[in-house]
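Subject: Structure for your review

Dear colleague,

Please find below the structure that I am handing over to you. My notes on what was found in it follow directly after.

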Amino acid sequence: MNRRDVLKDSAAVAGMLLAAGLLPRVAQAAYNQAAFDAKTVADVVKALGASAPQESKDVTITAPDIAENGAVVPIGAATTLANVKQLLVLVEKNPNTMVASFNVNEAVEPNFLTRAKLGQSSDVYAVAITNDGKALFAKKEVKVTLGGCGG
């Protein structure tokens, strides 16, 4: 059996599994569209069903003071709070404020690192949302010398 026959047979098997309903037709991540479309920090938090955000020493954000290239800015978000269900990374002046959303439970340490695109200098937020709907945040200003959105 050659490679072409194997591919042809595997495509036929996949088609039968799909027709039988054993394979998903469309795989989509579950996310809150209103939160990703929100244009302000308060609107993102509201769309996720949390109360007005309050600053907290129990939430930390790490990011460079100056980002030489706004296309790849390393950002870390962490918290020592108990009962956290979600940890967010938000960039105030980006076209879409919410950059990342991490679901947390007792088996996951709420300490995440990611990279984000910043189109211009902006405040960057780490927001922890607790199981009882409180939103606590830390923020840091990041100055961008070369824009990440084509500038």
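Two strands are said to pair if DSSP finds at least two bridges between them. Helices (H or I, at least four residues) and strands (E, at least two) are DSSP runs, numbered from the N terminus. With these terms in place, S5 and S8 run antiparallel and are joined by seven bridges.

Please note that this is a predicted model, in which local features need pLDDT of at least 70 and side-chain atom pairs count only at pLDDT 80 or more, while totals for chains, interfaces and linings use all residues. Residues are numbered from 1 along each chain as its sequence is written, and side-chain values use heavy atoms, with hydrogens and water left out.

Overall composition

The protein contains three helices and nine strands. Their order from the N terminus is α-α-α-β-β-β-β-β-β-β-β-β. Of its 151 residues, 36% count as buried; buried means under 20% relative accessible area, exposed over 50%, and partly exposed in between (1.4 Å probe, protein chains only). The accessible surface is about 9300 Å², and 53% of this belongs to carbon and sulfur atoms. Accessible areas come from the Shrake-Rupley method with a 1.4 Å probe, and for residues only the protein chains shown count as cover. Among contacts (heavy atoms within 4.5 Å) between residues at least 6 apart in sequence, 61% join residues at least 24 apart.

Strand S8 covers residues 122–130, and nine of its nine residues are buried. On one side these are Ser122, Val124, Ala126, Ala128 and Thr130, and on the other Asp123, Tyr125, Val127 and Ile129. Opposite Ala128 of S8 stands Leu87. S8 also pairs with strand S9 (residues 135–144), in the antiparallel sense and over eight bridges. Here Tyr125 stands opposite Lys139 in S9. The hairpin of S8 and S9 has four residues between the strands, and Gly133 in this hairpin takes a positive phi near 90°.

The three-stranded sheet

An open sheet of three strands has the order S2-S4-S7, with antiparallel pairing. Strand S2 (59–62) and strand S7 (111–116) stand at the edges with a single partner strand each, so one side of each is left without a neighbour in the sheet. From one strand to the next, the twist averages 20°; angles run from 0 to 180 degrees between N-to-C directions, and axes are lines fitted to C-alpha atoms, for helices over the stretch in contact. Six bridges link S4 and S7 in the antiparallel sense, and Gly76 has Leu113 in S7 as its bridge partner.

Two loop residues

Asn83 is placed in the loop between strand S4 (73–79) and strand S5 (84–91). Although Asn83 is not a glycine, it has a positive phi of about 60°. Asn83 is exposed, at a relative accessible area of 55%. Thr97, in the loop between S5 and strand S6 (98–103), is buried, at 0% relative accessibility. Leaving aside residues up to four places away in sequence, Thr97 touches Ala38, Lys39, Thr40, Val41, Val44, Val89, Leu90, Val91 and Glu92.

Helix H1

Val13 lies in helix H1 (residues 3–19) and is partly exposed, with a relative accessible area of 42%.

With kind regards
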